[in-house]
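Work through the exercises below with the coordinates open. Each task is followed by a solution in steps.

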Amino acid sequence: MTSETITADAAGTWKLGDLPVNRLGYGAMRVTGSAAFHHGTPSDRRQAIAVLRRAIELGVNHIDTAAFYFSALRSANELINTALAPYADDLVIAAKVGPFRDWTGEWGTSARPEDLRGHVEENLRQLGRDHLDLVYLRRMRQDSIAEHFGALAELREAGLIRHLGISGVEPRHLAEAQAIAPVVSVQNRYALDHPDELLRICGEQGIAYVPFYAVAGNAGAHGATADHDAEVLAVARAHGASPAQIRIAWTLHQGPHLLAIPGTGNPDHLTENVAAGAIRLTEDELTRLNSLHAQGD
């Protein structure tokens with residue numbers, strides 16, 4: 001498919017609270033290296049900055065990041081700040097808090113409720129902002145998220161956060177959070193080979209659903225999967241597209257409230273990812289791909 005002039009608005013739009021965004025956004029996890037966190041080699045700084053600026057040129061106005069997105073030499077938030085500040089008025093930056101990595105890159109103890117202000121302020125410092133558009137509480141195995149989410153709700157009241165989301169959760173956690181403050185978005189693992197019942201629940205309630213590892217599949221933090229089913233490959237050939245583009249297109253077809261955030265540090269892959277928002281799958285193709293998704297249940 002031709003992708004040179006396709007921009008993010010081809011995927012349509014949705015609102016994160018009162019903030020309109022194109023449904024095709026950008027996840028910053030991979031901008032720091034060849035794989036997430038410590039799994040790959042650090043990115044070339046100039047190329048990483050160029051990729052972020054190119055994303056904006058292609059109409060991306062929703063970037064997902066976190067202070068714990070860093071490799072040995074690169075910080076996603078610092079790269080975003082360097083590349084994009086002063087920020088465009090329509091750019092929505094979402095951050096996640098809860099997990100913690102120390103200066104060596106090792107995972108530390110997850111945040112207690114009283115630690116979350118420090119997590120939020122670290123994102124603010126790194127991004128050079130005085131408030132965050134959207135902050136997700138990333139659940140880290142705790143049974144209840146009420147205390148943690150309540151701490152973020154207080155920061156929202158204080159003006160440090162505009163909107164709240166939750167990540168890595170079950171339906172009961174959504175209800176628990178909604179009893180405390182509005183939830184505008186849920187970010188969970190979801191892909192062609194990884195279903196999640198919260199996609200439907202969010203759709204019924206008009207809440208944005210933002211999947212992670214939608215392209216990576218079972219490869220997770222190590223990068224995009226190379227294990228593609230024959231049906232994915234066949235649909236890709238029919239559209240003159242890559243298997244990754246078909247995974248993104250299928251994801252976007254799962255509901256108007258679904259926001260894709262594929263990440264990459266490669267400028268060519270960025271252009272392809274954005275162009276995937278213009279792929280329109282046929283009913284037959286969706287049926288064939290949906291059958292693969294059902295096998296993941």
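Buried means under 20% relative accessible area, exposed over 50%, and partly exposed in between, with a 1.4 Å probe and protein chains only. The model is predicted, so local features need pLDDT of at least 70, side-chain atom pairs count only at pLDDT 80 or more, and totals for chains, interfaces and linings use all residues. Residues are numbered from 1 along each chain as its sequence is written, and side-chain values use heavy atoms, with hydrogens and water left out.

**Exercise 1.** Determine whether alanine 111 is buried or exposed, and list its contacts beyond four places in sequence.

Solution. 
- Step 1: Locate the residue. Alanine 111 lies in the loop between E5 and helix H3 (116-127). Helices (H or I, at least four residues) and strands (E, at least two) are DSSP runs, numbered from the N terminus.
- Step 2: Apply the cut-off. The relative accessible area of alanine 111 is 8%, so the residue is buried.
- Step 3: Find the contacts (heavy atoms within 4.5 Å). With neighbours within four places in sequence set aside, alanine 111 touches Gly98, Leu116, His119 and His148.
- Step 4: Check a C-alpha distance. Valine 97 is 14 residues from alanine 111 in sequence, and their C-alpha atoms are 8.0 Å apart.

**Exercise 2.** Describe the open sheet: what is the strand order, and how do the strands pair?

Solution. 
- Step 1: Two strands pair if DSSP finds at least two bridges between them.
- Step 2: Read the order. Seven strands follow one another as E3-E4-E5-E6-E7-E8-E9, with parallel pairing.
- Step 3: Identify the edges. Strand E3 (26-27) and strand E9 (208-209) each have a single partner strand, so one side of each lacks a neighbour in the sheet.
- Step 4: Examine one pair. Strands E4 (residues 62-66) and E5 (residues 92-97) run parallel and are joined by five bridges. In this pair, aspartate 64 is opposite alanine 94 in E5.

**Exercise 3.** Characterise the hairpin of E1 and E2.

Solution. 
- Step 1: Count the bridges. Strand E1 (residues 13-16) and strand E2 (residues 19-22) run antiparallel, with four bridges between them.
- Step 2: Tryptophan 14 is opposite valine 21 in E2.
- Step 3: Inspect the turn. Two residues separate the strands, and glycine 17 has a positive phi near 65 degrees.

**Exercise 4.** Summarise the chain as a whole.

Solution. 
- Step 1: Count elements. The protein chain contains ten helices and nine strands.
- Step 2: Of its 297 residues, 55% count as buried.
- Step 3: Among contacts with a separation of 6 or more, 71% join residues 24 or more positions apart.
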